[in-house]
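Here is a short tour of one model, written for a reader who likes to check things by eye. Please have a look at the structure first, and then follow the notes below.

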Amino acid sequence: MTETRLAINDVSVEFTGLRALDHVSLAVETGEVVGLIGPNGSGKTTLINAITGQVKLATGTITAGDTVLSSLKPRDVALAGVSRSFQIVRLFNAMTVLENVEAGALAKGVARAAARERAETLLTEFGLLAKADELGDSLSYGDKRRVEIARALAAEPRFLLLDEPAAGMNDAETETLLHTLSELPEKRGLGLLIIDHDMGLIMRLCDRLHVLASGRTIAEGDAAHVRSHPAVIEAYLGKGAAHA
Ligand SMILES: Nc1ncnc2c1ncn2[C@@H]1O[C@H](COP(=O)(O)OP(=O)(O)OP(=O)(O)O)[C@@H](O)[C@H]1O
Ligand SMILES: [Mg+2]
């Protein structure tokens, strides 16, 4: 696969009586980490849902390399090399940790033996191999989130979209996650788009940031630029800086 750029061009999404995204454009290249931040309800999850075909676009196009994603179903977006995790974890609770991760490879048409091998490698990488036979349901919240990321990676995506992967993790878990995520772009040749409210994590992990407020882009650039941007400061202070 040669896709090296995930491009979101002029995308709007409308729900009844609400424009959740308003002409948003942004791009993620393979090899880089882009942070998507903004106050609650600013449209971050909706943007990931738009990329993965979970919501319809009112305007704009989304492409991964030469592949137009905007008309595809979620399953076909995944087959085109774009995988995600969910803000509210969606594991197969009655399946083991190993089976959950395997499922990510099987969905991509990988043969069972190869899927198992891939899953075991990922579980080792994520420090979860000892829990391979435990049921998804029995895991701590932080472990569930890591299994979900490992499952997304089992599909060997070119672009990985993570919706608040550190939510519910303690400081030590977040630190481990930061380390794991920071290695992904180079090691796996993928582009990472990450949403999180943990600004310490975001500022340290991301090459660039894109800031939304009320569905619109209010700033983009590196951490220093975004942190001191008046519109960003206002957006966060206006909606409660404590959650920023
Ligand atoms: N399926 C839906 N139907 C109707 N309204 C929706 C739907 N999904 C999201 N919204 C609304 O769209 C806006 C943007 O929501 P979104 O979930 O994208 O925000 P967010 O930036 O991810 O917020 P948070 O930080 O709380 O996760 C909100 O006003 C939300 O209530
Ligand atoms: Mg969200």
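Accessibility comes first: buried means under 20% relative accessible area, exposed means over 50%, and partly exposed lies in between, with a 1.4 Å probe and protein chains only. By that scale Thr45 is partly exposed, with a relative accessible area of 24%. This is a predicted model, where local features need pLDDT of at least 70 and side-chain atom pairs count only at pLDDT 80 or more, while totals for chains, interfaces and linings use all residues; side-chain values use heavy atoms, with hydrogens and water left out. Residues are numbered from 1 along each chain as its sequence is written, and chains are lettered from A and ligands numbered from 1 in the order in which they are written.

- Helices (H or I, at least four residues) and strands (E, at least two) are DSSP runs, numbered from the N terminus.
- Gln87 is also partly exposed, at 32% relative accessibility.

**The largest pocket**

- A pocket is an open set of points on a 1 Å grid over the protein atoms alone, where a 1.4 Å probe fits, with protein on both sides within 12 Å along at least five of seven lines; its lining residues have an atom within 4 Å of a point.
- The largest pocket has a volume of about 510 Å³, volume being the space filled by probe spheres set on the points, which are joined across faces, edges and corners.
- Its lining has 21 residues, and Ala78, Ser83, Arg84, Ala107 and Arg151 lie nearest the centre.
- α2 gives the most to this lining, with 5 residues.

**The second largest pocket**

- This pocket has a volume of about 180 Å³.
- Among its 16 lining residues, Gly41, Ser42, Gly43, Lys44 and Thr46 are the closest to the centre.
- β2 (18–29) and α1 each supply at least two residues of the lining.

**Positive phi**

- Glu156 is not a glycine, yet has a positive phi of about 50 degrees.
- Ser214, also not a glycine, has a positive phi of about 50 degrees.
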